[in-house]
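Here's a quick briefing to read alongside the model. Keep the structure open and click along as you go.

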Amino acid sequence: MSDALKNGDYKIPVTLKGGSGRAGIASPAPVHVEDKKTTAEITWSSEHYDYMKVDGKKYLKTNKSGNSRFEIPIKDISKPVEVIGDTTAMSKPYQIEYTITFDTAKAERVGGSSVNVKYIAIPVMIACFVVGLVIGIKASRHKKKAVEPYE
């Protein structure tokens with residue numbers, strides 16, 4: 001289930017089976033988990049895929065140029081995912097069945113979750129403001145002492 005991974009962003013090695021064996025997908029694949037929902041970014045080795053189907057639902061590619069890229073939902077990342085890729089590389093479009101398998105044992109977390117960033121960024125911003133304020137006050141006092149005439 002998606003909750004096998006905590007909220008955050010990951011790079012997970014993937015394997016692809018099916019088709020003629022000429023097409024491939026980029027590995028590791030970026031995976032995003034939030035609120036028990038998992039989304040994977042699948043990038044094909046070809047620019048000729050115009051859509052993918054996952055659980056009967058059609059997903060269009062997310063880029064305009066380069067190798068075809070898709071963001072697809074993953075119900076249970078611990079199990080192989082059956083997908084259909086529609087390729088236009090031949091004389092007419094063909095829907096080809098593939099199986100994508102994620103090696104979650106080798107999942108590598110990237111960056112931090114947005115929740116952690118909030119808890120770190122706000123105190124750092126406050127600390128920077130306070131330090132700037134203290135430096136400004138000290139500089140102001142120093143300037144006043146230097147400008148006052150001696151009696």
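Rings of Phe, Tyr and Trp (its six-membered ring) pair if their centres lie within 6.5 Å; planes under 30 degrees apart count as stacked, over 60 as edge-to-face and the rest as tilted. With that in hand, a search of the whole structure turns up 3 aromatic pairs. Bear in mind that this is a predicted model: local features need pLDDT of at least 70, side-chain atom pairs count only at pLDDT 80 or more, and totals for chains, interfaces and linings use all residues. Residues are numbered from 1 along each chain as its sequence is written, and side-chain values use heavy atoms, with hydrogens and water left out.

**Aromatic rings**
- Trp44 and Tyr49 make a stacked pair, 4.1 Å centre to centre with 15° between the planes.
- Trp44 counts as buried because its relative accessibility is 1%; buried means under 20% relative accessible area, exposed over 50%, and partly exposed in between (1.4 Å probe, protein chains only).
- Tyr49 is buried too, at 4% relative accessibility.
- Trp44, Tyr49 and Tyr98 form one aromatic cluster.
- Over at Tyr51, the charged end of Lys58 sits over the ring, 4.4 Å from its centre (the rule: NZ of Lys or CZ of Arg within 6 Å of the ring centre and within 35 degrees of the ring normal).

**The sheet**
- There's an open sheet of 5 strands, ordered 2-9-8-5-6 with antiparallel pairing; strands (E, at least two residues) are DSSP runs numbered from the N terminus, and two of them pair if DSSP finds at least two bridges between them.
- Strand 2 (14-18) and strand 6 are the edges, each pairing on one side only.
- Strand 8 (residues 81-87) pairs antiparallel with strand 9 (residues 94-102) over 7 bridges, and a hairpin of 6 residues joins strand 8 to strand 9.
- On its other partner, strand 8 is joined to strand 5 (residues 49-54) by 5 bridges, again antiparallel.
- Glu82 has Thr99 in strand 9 as its bridge partner.
- Strand 8 is mostly covered, with 5 of its 7 residues buried.

- Leu60 lies in strand 6 (residues 57-60) and counts as exposed because its relative accessibility is 57%.
- Leaving aside neighbours within four places in sequence, Leu60 is in contact with Asp50, Tyr51 and Phe70 (contact means heavy atoms within 4.5 Å).
- The C-alpha atoms of Leu60 and Phe70 are separated by 6.7 Å, and the two residues are 10 apart along the chain.

Definitions and conventions:
Helices (H or I, at least four residues) and strands (E, at least two) are DSSP runs, numbered from the N terminus.
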